[in-house]
Each structure stands twice: as structure tokens, then as C-alpha cells.
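Trainee: Hi! Could you walk me through this structure in plain words?
Mentor: Happy to, so let's open it up together.
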Amino acid sequence: MSASRIGQMLSSKSLRVITRGNYRFFGNGAQYPAGHLTSGVRSVMIPSPLSPFFSQSRALSGVSEPPRGLVQEKMTENAVFSQNKVLTIDTMNPKVKNVEYAVRGPIVQRAVQIEKELREGVKKPFTEVIKANIGDAHAMGQQPITFFRQVLALCSYPELLKDNMFPEDAKSRARRILQACGGSSLGAYSASQGIDCVRQDVARYIERRDGGVPCDPDNVYLTTGASDGIVTMLKLLVCGEGASKTGVMISIPQYPLYSAALAELGAVQVNYYLNEEKCWSMDLSELERSLAEARKHCNPKVLCIINPGNPTGQVQSRQCIEDVIRFAAKEHLFLMADEVYQDNVYAEGCQFHSFKKVLFELGPQYSNTVELASFHSTSKCYMGECGFRGGYMEVINMDPEVKDQLTKLVSVRLCPPVPGQALMDLVVNSPQPGEPSYTTFMKERTATLRLLAEKAKLTEEILNTVPGITCNPVQGAMYSFPNISLPQKAIKEAKALGQAPDMFYCMKMLEETGICLVPGSGFGQKDGTYHFRMTILPPTDKLKILLAKVKEFHQKFTQQYS
Amino acid sequence: MRSIKQTELEPLVRRANQIKTEVTQGGRKPCKDVIDVSWGDKHRGGVQPLTFVRQVLAACLYPQLVHSYKLPEDVRQRVQSLLGACDGGSVGSYTPTGGISYIQCSVSNFISRRDGGVPSSPENIFMTSGSQRSIMQVLKMLADFHNQASLPTGVLTAVPTYSSFKMMLQTLGATVVPYYLDEEQGWAMEVEELRRALQASKGICNTVALYVINPGNPTGHVQSRKCIEEVIRFAAEERLFLMADEVYQESVFGEGSEFVSYKKVLSEMGPPLSHTVELASFHSASKGFMGECGLRGGYVELVNLDPAVMRYAYTIFSTDICAPVTGQLALELMANPPRPGDPSYPVYAQETQSIQAMLVHNMNWVPEVLNNIPGISCQPMMGGAFVFPRLYLPQAAIEKAKVVGMQPDLWYCKRLLEEAGVCVGPGCEYGQKEGTHHIRLCVMTPVETMEEVLKRLKTFHLHFLKEFS
């Protein structure tokens, strides 16, 4: 079967382990010099919450003070000894140095520090830090779906099955999940691909979602959040040396997981730019340009798409997805579709279309050949259950030998967290009409999504009233990614500090207002443009205050530097 | 990627599950059910979860239980403080990279208590989705993978060692530098052997780290303080990064054996070693009394790392965003179990004591029974979850296995599974001295089940010997 699939670009034979090489950008004009991001991280002054190791000499002299107080001393001590270390900046895996993760970067570390300072009574011009940097719905007060939590509690402590405080459908779901677990316990390892019955439920969900397009549970892998799936797939795809090194096309702006994984794997990051003027749409001509350019330096094999977009919030039209699939087929690219925001579509006239559905509707010449991996998670949509690290990926048209390799690769991490698997099952097998929990479930789901839609609109509207800020409609996902114009003087000052200008801007905003945003430079952006990413998740009242503060800050900042 | 060796165990376990299904569907089989003792998985083996742990977990997941369900007072309090430590009061929120700081502090206090007061800094603790993930992240920093211009990174690894560690090295393009544990000495670790192994690796790879599993998996050996001191000295002399896998630290019941952590010994050795030797110590909620493997809670404590490297460690751990919160909660409960006087204590004490009694019984009794089977010898068990008895297979059986193209002990395990319904791990999966054969059995298994396993094993083994003599 596999042999006949001549067009398959990912054959087991082309698989070689990750290869060495520097992390480079290929983009339209000079994006950044390769070292830019690294130096950015190093030069930002981080009053780091990660203090260096607490010196053991304290232990020996019998002093047992709280370690935090000794940080300053330790640094000098450690510096003295660092020449004796096995693991130093010079001996460390050099690829690690290129890894960055902006949503957990210096700004966020500083925010944590400030929170601590506030707790310790340090005076600030604000009383709390508002973290609008990460898509963490529950942290912002969104309530969990009652049904999901009931079933999970029942699974954790099956004694509760005897109690009559839980609806019957919650109990029967719990029994079914427990039956599928080793020793009927969430505490047993599952198969590394995930619990069988959960994968079956995922397959049925995909079929329903895609209007009957078939899904084989064997193609479904449960993962530790979507991130785990994405990184695993990239690991499988990346190989080669020099000009044959795997290139992976990612959108700019992108979610930093992709750039971080590519840096770690030593793959070539191939940038294609989303069109900000056309609501962050994906243009075919840009894909062609980017691919042609990349082919001069590497072997581009993979095209990654985030739809609905993160950080950009656009929702792709059906036509656009068709174009992308045709392009991938023609150019022999493996498609990775990050669809974790599939239920987060707010704008009128927009609708989520899965890549898989469109692929199958294009007919067998596509649906039998184009290789696709699609990712979903429990962390977003109306659930927002990030802490469970639940997710799945479906692989389509993958060479069976390669699939064996994938199965091996996932077995290294033993299994995804079982409560996350259970939760994934509930998401794909939610209460049905006629079941006791259905009404409440629908009420909660609809209310959450309606609120998000309102906040998406509100954010766009208010940001667009600020002179110097332009914000595209937030059609979907959980973020706005407005364009900010920064005065020359501010840009100069930032550069003198070795900071990206929007990092400088966001750091200042954090220090002055307590608002934690992620600078556009962490996601990538067209040269000379500046942005920030802000979630739409805070409760409406708080969001309004937050937007008013952003507005005030921006005006002040502009004034100060012009 | 192709170079990654498929584990021998997975197909066996898959087959075991198949047989289970066949048995329930009424197919005719020589056995009435399948007992799987190939994994170190307490709950799968039939040990019940701890009530306290599951009550806290359930109420954290569904906080209404705090008010509407009769739960012990200490459970309620624990739930409230844990939810208070979660952003937005929900276990559905992301946590900081290293884990919820409240739990980081608990773990660090736990380490300090365990080590007789040696300080531990919460900032040096990173919680991950199981300890395996921590190991992977540390290896990533050490291994300049696929740098073809220089030698591959080597990691000194015990023979035998569980297979996923070796797979991790393979996925990173690092090299296993094997050192053999001394079976005749109860699987002890010998520094001379380490020295030999390191010497042998010269020119083949750049050996930068030493991986130690104590208590041993699959060997059940527990290292003495003296041994640990020697190993640390060796690491210091040879400039090796120490990775101490200590996930079985709660399971040491062998007579005269005691668990001493690498960190404690390191610290007590004094300067300069205590300042310089870099150590990553791993622990997990999957083993011990809780045995909560499915929750995926593990951590690493990084000791003596260069501060500049620590910053990158933070970034590398950040790429997972955070460990599953349920796993973090499990770590909290492991670090802070109920104390005497707490309402949950009596039940907790009774449950852990019965698990301990089971372990103590099995640890003494299983090797004894195995040693009484002709053609099997088993070293005394000091701790951990497994015994790793040696099989003396008849030459004819070894020849037969070669004919079917299988490692002899794998073939033995396959037949044991098919004919007796017992699933164990074949020695070739873990590595062993050339020409020797072993099997691995998990003894964290209820006594009655263990009795049945040994009964079936004995019958099968005698039959097998007869067939090939």
C-alpha cells in the first residue's frame, strides 16, 4: 500500500534524525539577522525569578536560612566555580541557545517578579498585574464546564459514584472511562498512543464535525496538549544537512512554539508573511515567493498553518484553505494544521472549516495523497482547560512505516496525562440532547462563547480609537494583535538598550501599568512594524479598564518620545 | 529516527491485551486470564489508590464537593489552599514553568526534610509531565545532537536499564556508554567498571554525563552511601554531569538497606565537591505509595548548575508551558502526606501500611521462591519495584529461539504469555551481559496475584526445561 503511494513525501527512507545547523530565517528582505533574538534575550535585564543554584556551602556550615535571601551571594560564588562546570554556555547544546519562548519570556518573568514585589508591599503605580499575555481562560476567571468537572471528579474518586449528587450521564461517562483505564484507575499508564476508547470517540467526533468524512482511530494520537503533538511531528519530519536540510514554512506572525521547536531541532525556519492589510490573510503569492526563496537554501517539506490564527485572530475562508491544499499538493509539502481554536470563531460571515474536510471535498486526487496532521486541544475553545494538558492529533495519508516511527517516538514519553485524556474524551463526547446534563452544558458553552465574541469586538473597537494603534478584526481565537506606531526616539532608545522596540514598549507598559502583554517581536513581524499580542480573556469590566489603561499609556508614551 | 529501537515489551503488552480480549470473548486459551507484571504500574496491578490523594484530587477538580460532600476537614483545607495557589482558583489554568510555586516550595521542603536539612531552593525545581520528561529536557541541554562535526554526546548508562531511557538518548542522537552492574554482587555499581566503560568510550563519543538509577530499575539494588560517595568522586574527577534517577526512593525495604539521596551525600562531602559537581535528581508521583503513573507528575531538582545555563533551562522547560496540574497536585500530596493527628491520617496510615506490608513481603519472598525454581537465580531485592532473575536456558531452547529469529528470553516471555497468561519483560529489553538471560517482574503487586504469577511461572518453567532437555 505504501509503495504505491509514490507521491508520498515523507517516506521512512527520507527519515533521518535531526541534524545540526544554525537556526536561520528566510524571509522577505531582512527580517532579523539570525542572532538577533538570542541577543535580545541575553541583553534584557532580567531580575530573574530563577535564581542561580543555592550554594551547598550553606548546608555545610549548618545555616538553614530560607534560600531566597541568599541569591546575591550565590551569584558571585557560582561565577567563581563556573569554569569548572561540565555544562556551561559554551559546552551546552548550541541549539538550546537559539530557543526562545516569548509567551514565557522576559516580560512574563518580570511580571512574576512584580507580583512578588507587590505582595511584599513595594509601592507601584498599580495594585495588580493583569496577565493578558497568555491564552489562559480560567486564570482570567472563566468558569469550567460543570459536566466535565463532575465526570473528572467521579473518575478520580469513584466512591462518588455511590452518591446521588451527580447526574446519571456524568456517572455513566465516568464508568465508561474508568473501564477503559488499567486497573480502572486514572492513575495507571495508558497505551502511549492514548486510551483506545478515547481515540475512538475522537474519531467519531471528527467524522461528525467534518460532515461524515471517515476517520480511523488508528490515525489518532492523544497528546500532552497540542504542543506535544506539534513538536513530535516536527521531530519526525526534520532531517538533512546543508542545502538538503528540512525547511518548515511557518506564518509570520507565528506562535513561538514553532520557532522554538525548529530552533531546537536545527531545522530551517521558512517565513511566509500574513497580509496585515487584508486582515492577516494568507496569500498564495506570498507562499510561492517564500517557497521559491527557501528552495535556494534548504529542502522545504512542511507547511504549518494556524487556523483560526494565533496571534493574529483571522479565520481562513474555505477558498483559502482549498488554495493552500492545492499548493501543498503541487509543491509536495506536508501540511500541519493547528486547529486548536476551532470553536473560537466570532465574526459574522466567518466559519471554521477543517483542513481535513476541505481536503476530502477536493476529491481523491488530493484526499488520497496530501499528507496532513491536524491538532486539537482541551486548552482553548469554550473549555479553556489548559492545566490538563490534553490534546490529540490526527494524521492522514501517512506512510505506514513512518507511522510506526511515530508510534515509537510517542512511546518515549510513556503516555499523555490520563486526566487530560479523559477530558479530551468529554470534549468530543459532550452531553447530547435528552441527557440530563445537556441543558446546563449548552447554556454554559454558549454563554462562554458569546462573551468571548463580545470581548473580541470590544477589544477591536476600543483599540482602534487610539491614535497610533490599528487593530484588525478579531475574527476568531483569543487574541488581538494590533499594530502600534512607535516614535523614532523610542525606537532609538530601545536599540541603544539592545531591545526590540516593542519589547521596550511592553516592558515600560508593564512597569507603569501592571499590564503584561507579549511584544510582536516574539511572534515575528514585518520589518519596521511593531505589535503586541493581548488576550481578549479578562472579564468584560476588567477588559474595559485594561483597554483604557493601554490607551492612556500609549498616548503618554507617544508624547514622551516625540 | 529509524535508528530508534522498538521496545520488545510493547508488542508483548499489546499481545497480552489481545489475549485478554480473546479470553473475555470466550476463545479457548490455555490460561483463564492474563496477569501483566511487566510494568511498574501499581494501579494496573490491582493496588488501590490512596483515599486521601483521590479525595483531594476530586475536590480540586470539582470544588463544589468541598461544601456539599462529606470530606475530612484536612482534605477540605488542603483543597482550599491548593485552589488558592492556582491562577483563577482553577486547576484548568496554566501554571508557571517550574510548576505552581506553592507546590515548588512544598517539594523543596520535602527534599530538605528527606536530606536531613540540606537546603533546597524552589527555583531549582522543575515539575514536568512525569520524570521522564525532566530527564529528556536535561539531556537536551547536554546533548549537542547530530553535530556531525564532532563526536556524539555519550551518557554512561547502566546495563541493565529500562528501555525508554535508551530510546531517549537515541532520539537525541546521543550514545549509550554501557557500564555493567555486577549481578553476583546483587547488581552493585562498581567504580572500576565505570572507569573501564568511560575509557572504552574515548574516541567514540564525548561522554559528558553519568546516569544512575537508585534504587535500581530493573535490578532492585539500593546503593550504599559509600558507593554513592565513590560515584560522586568519580564524576568530579572525570568531569561528568550526574543524573540521579531516584523515583523509587520510597520503596526501600530490604534489610539493612536505606535510601540516601545523591544530593545529601554530595552536600555532606563538603567543598569543593559540594560546590562543583552538577547534579540533576529526578523523582516522581508514579511510584512510591501513591503509584499515580497516569497523572504524570515528576520533577527534577537541578543542583550546582551554572546560573547562565539555568536561564536556558528555564526556556527549555517553558516550551512545555507547564506540567499537567493533576500531576503537580499528586507531587504536592506526595511531598505533604497527612500527619499524625490529621483527620485523614488513620486511613492514610492504614492504606500505606498495607502497601508497605505487601512490598516487604514480596521483596523477601519473591526472590526466595524464584531461587527455588531450578534454572532460575534471583539476587536479593533491596528496593524499587522489580526483580530481575536470571534464567539458565537449555542450549536447545537457545538454538530454537535463534531459529525463530528471537532473543532467547524474548521467546521465553512470548511462550510464557501464550501458554501461562503471564506477561513479564524480557532481559534483552533492558540489556544484560552477553550470553545471560533474564526476565523482569514487578513486585508492586498484591500478594495473591503474585502467588498466582509465581505458580504459573514455575509450572511453565519446569515444563519448558523438560521440553528442551
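This is a predicted model: local features need pLDDT of at least 70, side-chain atom pairs count only at pLDDT 80 or more; totals for chains, interfaces and linings use all residues.

Trainee: Okay, how many helices and strands does chain B have?
Mentor: Chain B has 19 helices and 14 strands. Its radius of gyration is 23 Å, close to the 23 Å that the globule rule gives for 469 residues, so chain B is as compact as a globular protein of that length.

Trainee: And what does the C-alpha trace span along its principal axes?
Mentor: About 65 × 60 × 45 Å for chain B.

Trainee: What share of chain B is buried?
Mentor: Buried residues account for 68% of the 469 residues. The accessible surface of chain B is about 15600 Å², and carbon and sulfur atoms hold 52% of that.

Trainee: What about charges, how many positive and negative side chains are there in chain B?
Mentor: There are 43 positive and 47 negative side chains, with the centres of the two sets 5 Å apart.

Trainee: Let's zoom in. What span should helix α6 of chain B have?
Mentor: Helix α6 covers residues 101-114, and at 1.5 Å a residue its 14 residues should span 20 Å. Its end C-alpha atoms are 20 Å apart, so the two values agree.

Trainee: Which residues of α6(B) are buried?
Mentor: They are I103(B), Q104(B), S106(B), V107(B), S108(B), F110(B), I111(B) and S112(B).

Trainee: And what covers them?
Mentor: The cover includes the helices α5, α11 and α14 and the strands β2, β7 and β8 of chain B. Just after α6(B) comes G116(B), which takes a positive phi of about 60°.

Trainee: What comes just after α19(A)?
Mentor: G514(A), with a positive phi of about 80°.

Trainee: Last one: where is T91(A)?
Mentor: T91(A) is in the loop between α3 and α4 of chain A. With a relative accessible area of 43%, T91(A) is partly exposed, because that class lies between the 20% limit for buried and the 50% limit for exposed.

Trainee: How far apart are T91(A) and V412(A)?
Mentor: They are 321 residues apart in sequence and 26 Å apart in space, C-alpha to C-alpha.

How values were computed. Residues are numbered from 1 along each chain as its sequence is written. Chains are lettered from A and ligands numbered from 1 in the order in which they are written. Side-chain values use heavy atoms; hydrogens and water are left out. Helices (H or I, at least four residues) and strands (E, at least two) are DSSP runs, numbered from the N terminus. The radius of gyration is taken over C-alpha atoms; the globule rule is 2.2 Å times the number of residues to the power 0.38. Buried means under 20% relative accessible area, exposed over 50%, partly exposed in between (1.4 Å probe, protein chains only). Accessible areas come from the Shrake-Rupley method with a 1.4 Å probe; for residues, only the protein chains shown count as cover. Lys and Arg count as positive and Asp and Glu as negative; His and the chain ends are not counted. The place of a charge is taken as NZ of Lys, CZ of Arg, CG of Asp or CD of Glu. The expected span of a helix is 1.5 Å times one less than its number of residues. Contact means heavy atoms within 4.5 Å.
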